[in-house]
Structures are given as structure tokens and as C-alpha cells.
Amino acid sequence: MVLAETTATATATADAGTAALPLDTILRDDCIAAMRALPARSVDCIFADPPYNLQLGGELFRPDGSHVDAVTDDWDRFDSFAAYDAFTRCWLVEARRVLKDDGTIWVIGSYHNIFRVGAAVQDLGYWILNDIVWRKANPMPNFRGTRFTNAHETLIWAAKSEDARYTFNYRSMKTLNDELQMRSDWEFPICGGPERLREGGVKVHPTQKPEALLYRVLLASTRPGDVVLDPFFGTGTTGAVATRLGRRWIGVERDEGYCAAARARIDAALPLDEAALRTMMSPRQRPKVAFGTLVETGMLAPGAELVDVRRRFRATVRVDGSLLSACGATGSIHKLGSELQGAAACNGWTFWHVEVEGRLQPIDTLRQTYLLATRA
């Protein structure tokens, strides 16, 4: 009885704390000041895309003379490494304060800043769980030919402490990756196509992240209803994906132009557009495509219905790429297909079909479409 009362009290307290938060709201403020105004231990996950301190000198042009739309904004300029380090420690301290004891934080960066950020993360008592390499399928080339092409960015995933009981949706990640353990190297194209926000042909934000990247981050480390804080909200990728996945969010952004773009984007709540992932690559480098990739990129939305060619079996696509059959069984496209048929094995790509414009087509058609759209 005491345990039940304690549990009920704790739940009520948590609900009250969540209700006091500015949920699904963009706070136009400095990130440190905004986080100081939030209650301690109030958010479940933080995704931070801080300034990279790129230290760019002068304009950058392509070999054909066209201008490269790079990061030249004042928010990425710091007088020294010491100034950047002080800023980093300040926002990480506030992030740690507002993060629940079992919450986690993601910080993304490039070689310009990620090592300095990583040192601060460890110095402040966070416990690093993984460093994730985001390998860009279509990176910007090194136009001057003086260095290797910068083809990746690094994400640090950390818990609040070594013994934190953090969320990791292992099964969802494995299902998303066709029943293979999800690795720490992820390949996504940089943000482009219809997903890239532009005004007058110019990028609204120079470092807009692809929604597919945030889809995997949030699906891996949060649960429906969790509160996700983004202290560098930009044009609202975190908010758009969190909304789509049934998570609550809080964004902090100083620039009104970015805030306006984020509000419009989240209000529209458009599904991921596969055209945003188009890139060029040699057929010899063509990788396998996991069924979860089609879900992450919006080619097949959660809630879509799949059937076999004779319409004997039906299943619904879930957010992690698993299927839920009409009889309540769950599994990957391959596992569920074999179970429903009572077969030893099943090629889910050819067994399951989706209706497109009144006609059934195997989901393998979507896979081939994805490959054609993303590879030369």
C-alpha cells in the first residue's frame, strides 16, 4: 500500500512537472538563459547542434567561380578557443541540470569542435555511451584540393551518469536494420531537395540537419510522450520529427527568422520526402537497404498497410520498421511473413505488397526506387 501511494505520488509529481514546461513551444531566447528558467530534472532527452566554431577565413568558391553558401553567420564566431570552451561548459552545465537522471544528451559536431565538446562532456560528469559517425552520402567536396573531403560528422551520445537507467530501444534499432544490430556508423545524405528550407533560392539555415538523422536519434533514445529539448533549434528539425513520432519538444532559438521557418515547418508536419535524399554514388558501392530505411525516409509511412499478393495476410507498419499483423503478431518483414505462412523462411521484400494508385506492388519496388533515387 505504501509502495502504491509512493508510486502514485511520484507519477503525479512527474505529470505536474511536465505540465509546467513550455511544451511544443519555441522559446526565443539565449539557450543558457532559457535553460536556466526550466525546472531541474524535467526533460528526457536533449539534442544539441551547437555552433561548430568553423573558423572560416574569407569567401569560398567552386572551381566554376560560383559562391559556396557556407556558414558565415555571427552565431558561429568566437574570439578564441577559450571563449568557445567557456560557452560550451555553460550550456552543458544547464543541460545537465534540466536533464532527468535517466535522460540522455546528443551533441553533434565536426572536427572543428567535437573534441573540445567531448572533453567538456566528460569533465562535467556525463557518461559517454557512444560516438556515432554520420557518414554523409553526398558531402560537399574540398574545392581547393588541399585536404581530404570532410565526409562525416560525429554525434556524442551520453547519459547523465555511469549508472543511469537510460532509454535505449535496442529492439527497435535492430528491427529498423533488418534484424541486425544497429552499428555506430550511420549513412544519410546531407539535407537537400524539398526538405531543405530556402527563401529566394538561398538556404534559410546553413547547417539544417536531415530529418532521417533525427528520426533515428529519437527513435533510439526516447519513448512516446517523452520531452525532447533542443537548445539550438534552428529551423526546427527536432520539433518536426518529435511531433511525427509522438514526442513532446521544447526549442530554444534566438533568430526570429529561424523561429518563423520552424513554426511553419512544424505546423505543416509534412512527411519525409524521399526526393530530399537523392545523391550520386557508383553502383559498385551500392549498400544493402534495410526496411527501416524506407520508414525513416518517409517512403513508407508508419501506419501503412501491407498485404501478401493474394490478400490473405495483412500487417501494419510501425515506427521502428516492425510489422503488426491483423491477428496481433509482430516481427520484421521476414520473420512475420514466415510465421504467418508457417514457413521456415520468407523473403519479406517480395512477400509483402503495398497498394499504390489502386495496384499492388511488392515493397521491393520501393527499395529499388530508393536505390535509384539515391545512387547513380
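A salt bridge is a side-chain nitrogen of Lys or Arg within 4 Å of a carboxyl oxygen of Asp or Glu. Side chains of opposite charge can pair when their charged atoms come close. The model shown here is predicted, so local features need pLDDT of at least 70, side-chain atom pairs count only at pLDDT 80 or more, and totals for chains, interfaces and linings use all residues. Residues are numbered from 1 along each chain as its sequence is written, and side-chain values use heavy atoms, with hydrogens and water left out.

**View 1. E211 and R244 meet in a salt bridge.** Look for the N and O atoms of this pair, 2.9 Å apart. E211 belongs to helix α6 (residues 211–221) and R244 to helix α7 (residues 237–244), so the bridge ties together parts 33 residues apart in sequence. Helices (H or I, at least four residues) and strands (E, at least two) are DSSP runs, numbered from the N terminus. E211 is buried at 6% relative accessibility, while R244 is partly exposed at 30%. Here, buried means under 20% relative accessible area, exposed over 50%, and partly exposed in between (1.4 Å probe, protein chains only).

**View 2. D44 pairs with K100.** Their closest N and O atoms are 3.0 Å apart. This pair links distant parts of the chain, with D44 in strand β2 (residues 43–48) and K100 in strand β3 (residues 99–109), 56 residues apart. D44 is buried at 14% relative accessibility; K100 is partly exposed at 23%.

**View 3. D308 forms a salt bridge with R312.** D308 is buried, with a relative accessible area of 1%, whereas R312 is partly exposed at 49%.
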